2 protein chains.
Amino acid sequence: MEFSPIGIIKSEFVETASPDDMKAEKSRIIVDEEYAEGLDKIEENKYLKIVFHLHRASGYDLIGPRRVGGVRGVFASRSPRRPNPIGVTLVKLLSREENELIVTGLDAVDETPLLDIKPYAADIDDPAHKFVD
Amino acid sequence: MEFSPIGIIKSEFVETASPDDMKAEKSRIIVDEEYAEGLDKIEENKYLKIVFHLHRASGYDLIGPRRVGGVRGVFASRSPRRPNPIGVTLVKLLSREENELIVTGLDAVDETPLLDIKPYAADIDDPAHKFVD
């Protein structure tokens, strides 16, 4: 299946840094003009989930040592090196101007192709809300 | 950019139903044998994020009325009809047997192509943990 970028992510980070360093930084999400209308009312959301192509990740190990949790499978890790290198990151929306969003918390390097933006919703994204036992 | 399925989702639902109906149902996630090793230690996670191709969604409206929230842009909605029809859904992992996962909370119809599985982690997926002001 084929997907096409709907925009691009601008970051101070041209190389992947530690997630903690990256998450403190502000990033700019620039949505292509042809998709800009799709941002209507997005500023009503404090948090967004950004879906992007991990375009700098090369290859993957199905099983191996991870930054967190020791040796484990790729699907039990958040490594960017995955069979389908798709990143999904929660960000805080600081401001919007036309087709540009300023966010914090985005661990994507400069020039990352943007695939989708979804509003965060506790009732479907937070286990404590979604799975009331 | 091109992505290839790593498995398939089996559900009782052959057509999209209300999210509330679908989320109560158990689904089976079958990972292709060639990727099965990537599931190592996945059972240590109670919650997973499932990334899949919304293969039954056709077209999209950049702006229009939504099931939730009235008229708004597609990126301010969780509609399955999106420029890049990629679904990201939080599920609860009930059990694993070899390359099969049994989950609840998955709003994907039968035969949905699976793109990725990521472990849910509160420190990066929960706003209250990630964004400590």
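How many bridges join strand S3 of chain A to S6(A)? In this predicted model, strand S3, which spans residues 47-53 of chain A, is joined to S6(A) by seven bridges, and the two strands run antiparallel.

In chain A, the loop between strand S6 (86-97) and strand S7 (100-104) contains A:Glu98, a residue that has a positive phi of about 55° although it is not a glycine. The relative accessibility of A:Glu98 is 65%, and this residue therefore counts as exposed, the cut-off for that class being over 50%.

In chain B, a positive phi is likewise found at a residue other than glycine, namely B:Glu111, for which the value is near 75°. B:Glu111 is placed in the loop between strand S7 (100-104) and strand S8 (112-119) of chain B. With a relative accessibility of 36%, B:Glu111 counts as partly exposed, because this value falls between the limits of under 20% for buried and over 50% for exposed residues.

Conventions
Residues are numbered from 1 along each chain as its sequence is written. Chains are lettered from A and ligands numbered from 1 in the order in which they are written. This is a predicted model: local features need pLDDT of at least 70, side-chain atom pairs count only at pLDDT 80 or more; totals for chains, interfaces and linings use all residues. Side-chain values use heavy atoms; hydrogens and water are left out. Helices (H or I, at least four residues) and strands (E, at least two) are DSSP runs, numbered from the N terminus. Buried means under 20% relative accessible area, exposed over 50%, partly exposed in between (1.4 Å probe, protein chains only). Two strands pair if DSSP finds at least two bridges between them.
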